[in-house]
Amino acid sequence: MSPFTSHMQIALEEARAAALRGEVPVGAALVDPQGRLVARAGNRTRELCDPTAHAEILAIRAACAAAGSERLPGHALYVTLEPCPACAMVISAARIARLYYGAADPKSGGVAQGPRIFSHPQAHHRPEVYDGICAEEAARLLRAFFAGRR
């Protein structure tokens, strides 16, 4: 298994755990420049009554706290769903070097869809972006979750 898919598997584990908690199944894994996992998280917006408790934000907060810095240069973030505009701004502010994501989010995405945050001149930092990593598995989790809600 390549590092890309192995780190995404961690994010998928977090997404599955989020679904079991009744959260939208999105997971994230944050890896340091040496390839070591430094943080992982799944959505917790309902549990924490916090609209900012997206998987990406929680992983970035944990990694920044551990590093003692608001920036994570050289780090890579793996997330199962295309980040929303708010998460994309935080990824930029944290100076994350690479973003790998699974499923596209035509409704609420902020990277390849919608406002395309990293394309704006106001974006202070533009990470390298790689999409479609384990996309079908991530999309399947989301479809199953929302089908169960209908």
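**Sheet and pocket**

Reply: The five strands form an open sheet in the order β2-β1-β3-β4-β5, with mixed pairing. Strands are DSSP runs (E, at least two residues), and helices are runs of H or I, at least four residues, numbered from the N terminus; two strands pair if DSSP finds at least two bridges between them. This is a predicted model, where local features need pLDDT of at least 70, side-chain atom pairs count only at pLDDT 80 or more, and totals for chains, interfaces and linings use all residues. Residues are numbered from 1 along each chain as its sequence is written, and side-chain values use heavy atoms, leaving out hydrogens and water.

Me: Which are the edge strands?

Reply: β2 (37-42) and β5 (128-130), each pairing on one side only.

Me: In what sense do β4 and β5 pair?

Reply: Parallel, over three bridges, with β4 covering residues 98-103. Arg-98 has Glu-128 in β5 as its bridge partner.

Me: New topic. How much space lies in the largest pocket?

Reply: About 510 Å³. A pocket here is an open set of points on a 1 Å grid over the protein atoms alone, where a 1.4 Å probe fits, with protein on both sides within 12 Å along at least five of seven lines; lining residues have an atom within 4 Å of a point. The volume is the space filled by probe spheres set on the points, which are joined across faces, edges and corners.

Me: Which residues are closest to its centre?

Reply: Val-24, Leu-81, Asp-105, Leu-142 and Phe-146, out of 23 lining residues.

Me: Which helix gives the largest share of the lining?

Reply: α5, with four residues.
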